[in-house]
Amino acid sequence: MSGVASTAPAKIAVSDLSVTFAQGRRRVAAVKSVSFAVEPLESFGLVGESGSGKSTVLRAICGLAPVSGGDIRIDGQAIPQPRDKAFARRVQMVFQDPYGSLHPRHTIDRVLSEPLAIHRFSDREDRVVQALKDVGLDARFRFRLPHQLSGGQRQRVAIARALIVEPEILLLDEPTSALDASIQAEVLNLLTRLREERSLTFIMVSHDLAVIDHMCERLLVMRGGEAVEALDRASLADRQVRSDYTRDLLTASEGYKR
Amino acid sequence: MSDVPAPSGAGGLSAWLTTDTPRSRFQARAINLWFAWRSLVRNPLAVIGLLIIAALILMAVFAPLIATDPPNQQDLANRLMPPGFQGHLLGTDELGRDIWSRIVFGSRVTLQVVALVAVTAPVFGLIVGTVAGTLGGWTDRVLMRITDIFLAFPRLILALAFVAALGPGIVNAIFAIALTAWPPYARVARAETLTVRRADYIAAARLQGAGTLRIITGHIMPMCLSSLIIRVTLDMAGIILTAAGLGFLGLGAQPPLAEWGAMISTGRQFLLSQWWVATMPGLAILAVSLGFNLLGDSLRDVLDPRGAQR
Amino acid sequence: MSPAPLLDVENLRVRFETNRGVTEAVRGVSFTVGRERVGIVGESGSGKSMTGRAILRLVRPPGIAVADRLAFDGTELQSLSERQMRTVRGRRIAMVMQDPKYSLNPVMRVGRQMTEALKVHERIATREARSRALEMLADVQIRDPERVFSAYPHELSGGMGQRVMIAMMLIPRPDLLIADEPTSALDVTVQLEVLRILDDLVKDRGMGLIFISHDLRLVSTFCDRVLVMYLGRIVEEIDAARLHEATHPYTRGLLNCLPEVGGSRAPLPVLHRDAAWA
């Protein structure tokens, strides 16, 4: 985690990020002064339970949540607000709910062609076919509608859609929480493989410590909008944690003790 | 998780429509429509509604072949004759014109009204509603207040005012009706937009770099279509009645144009003695309104629950 | 070997006949439950929730549930009329479902919902029903039972709502509790608390428990016996303590595909479904 400071800036640097939502007259602080840095090609995890603000951090990076304080930098540079097309080519996101992240009336072909059309890619036909192959989906899924696909298949399409514009950074918001355990394993393996093949940087959000441990090298535990503890994988496995909350999460991941 | 059906028949079209592996966007859409159709016709009331509307369309298209006499041909010697008299299926009116033929040709006018209003008002309302719902803020407020102003007036009164200003005539009447019919569609579209706006697929589209126009037309509008179609179908009855009302007041179709409302108006004076002059066109309006209502109700069953589940 | 089982299910089948064809959710499931904890584990589409509902005869048309034998405490449930079934439901067999947001009436205060159920099953005065409800709320470790009693469901957190659900279901002192994913909608730390409460109550009252879940690890640590379901059939029945000795490839696959803290970083073993399992 610490060490010799490198001259290259962190891929993603989040400093003192705060996100506050206004609900009528009330102000809800979803994220309170959270800081972390993600190195290039690294897979970084954000762990927490509901209300921890972990998903909100991702949305703030994407411009989907209003930043009320702090700073987000990618490759050392500030990001334009509102996010422009160049940003879309560098940062993409996979959402949690496979049933909500694909437009119910668009065929898979349309889902995958649209980003290509927006960014004016050539040879779209080939790219769509290749994208489906890359995520392990047969060509016969191409013109189906989302409701004809299973949860795992939809999530694969969501991943294909995110990667079809060739981003450098992939944000993953609980990508497997809504999936069965066996499908989860397939999707996690797919993500790992794609990360290697395409030299991606990941930020992964999950409530499942085991999933984060498997997928990420370093992680940040969040609770109630605040950062609790930053860890790396080795410390987690050795149970060398400083905070009681992290310890509780670890215990909970091992099942029930009668 | 997929509930795709098994291929049914040996016919090429049948297999094409029931395959679970569509080969093009067109095929996928056709398959979807086919299943919606199958669902719809399972309901006997829907079938009745469809038949009535089909009859209306056929009547309008083949009017010269179905009518027994030219609609405006007067025969004063045989005025106000009862149904069945000398081949006049539904009798004659106060100028001796064959009522059946006038109703048949009047269907063209009715269809004209329905088609033009259905094409203009919902489209305009859809645009206003989705833009207001998507952009929010002042755009939303201003557009909705304008909508409210139009909504505040009873439809017939507003249509009356427009026609009075523009002058009587069927085209002006249609224009006036369309002007008063769009506000509910704007409200419906806006309500749907507000729900759809928060979905992940919209966020994903934004993240892809889609501009607001693409999101509204490609993502939000398709989701509003079901509600809108249902609403339009159910409104048709009201629109026909408004057109008839305007005709009744002499502000819609002008004589000698055969329009069902105008026919009721002139037949009113003979209601007690020669009842068929007013009643026959009235029954025609009743039948067509019923047809649209039945269809609209059944469409709601077919389109809505799917929308909710998928 | 032991006294007559509390629940005896033989060849349970649940099928749905729709205009798109027949779907069989449960295809010949047989098992018994005594005063012990039985876990039913399966993925989505395995038919585990349908099994739970079928026991309580809550499968409504177009679903049809039939069994060769569906006996509770000696009585054949399929021969009971709907009215007689209502005296069984809640009173003798209770069910706790996944999300208190959807299983508690949002426009009724919690206390009223609890006493309402009680007064249906036993003819007691409102005051007595209230004190029993408050007692039950205390039993599920709710620190301020009076406040929760007069609160609306949306004012409670997920964990508290689920505890209220459990309290409500256990007031009439049923013999068998069917818990359908009771902790899946809760945060991980809250899950353990709620399970602890369930654990204590089931133990103290000597109840039978059917714990339905997709989480094999959780079920294996919480229950005595585990039934693994796949596509409507039970593919394995094993003591929870001996789960690692499971023989069926589906069970082994499920066990192996889960990531663990401190586990290997190699790709997770993937479950290869064999059509022969169904």
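**Chain A and its two partners**

Let's start with one pair. Arg214(B) and Glu114(A) join their side chains in a salt bridge, 3.1 Å from N to O. By salt bridge I mean a side-chain nitrogen of Lys or Arg within 4 Å of a carboxyl oxygen of Asp or Glu.

Some ground rules. This is a predicted model, where local features need pLDDT of at least 70, side-chain atom pairs count only at pLDDT 80 or more, and totals for chains, interfaces and linings use all residues. Residues are numbered from 1 along each chain as its sequence is written, chains are lettered from A and ligands numbered from 1 in the order in which they are written, and side-chain values use heavy atoms, with hydrogens and water left out.

Chain B against chain A, then. The rule finds 2 salt bridges across this interface. It also finds 10 residue pairs in polar contact, both residues at pLDDT 80 or more. A polar contact is a pair of N or O atoms within 3.5 Å; within protein, one must be able to donate a hydrogen and the other to accept it, and residues adjacent in sequence count only if both atoms are side-chain atoms.

Which helices of chain B each supply at least two residues of the side that touches chain A? They are H2 (25-41), H9 (200-208) and H10 (212-248). Helices here are DSSP runs of H or I, at least four residues, numbered from the N terminus.

In contact terms, 27 residues of chain B meet 36 residues of chain A. Contact means heavy atoms within 4.5 Å. The two chains bury about 3,000 Å² between them, 55% of it on carbon and sulfur atoms. Buried area is the accessible area (1.4 Å probe) that two parts lose on being put together, summed over both. Arg25(B), Leu207(B) and Gln208(B) supply 25% of the area that chain B buries against chain A, more than any other three residues.

Now chain C against chain A. Here 33 residues of chain C touch 32 residues of chain A. Together they bury about 2,700 Å², 54% of it on carbon and sulfur atoms. How many salt bridges lie between chain C and chain A? The count is 0. Polar contacts come to 17 residue pairs, both residues at pLDDT 80 or more. H8 (188-205) and H9 (216-222) of chain C each supply at least two residues of the side that touches chain A. H8(C) gives the most, with 7 residues.

Last stop: H1(A), residues 54-62. Among the buried ones are Lys54(A), Val57(A) and Cys62(A). Gly63(A) follows H1(A), with a positive phi near 85 degrees.

Key
Buried means under 20% relative accessible area, exposed over 50%, partly exposed in between (1.4 Å probe, protein chains only).
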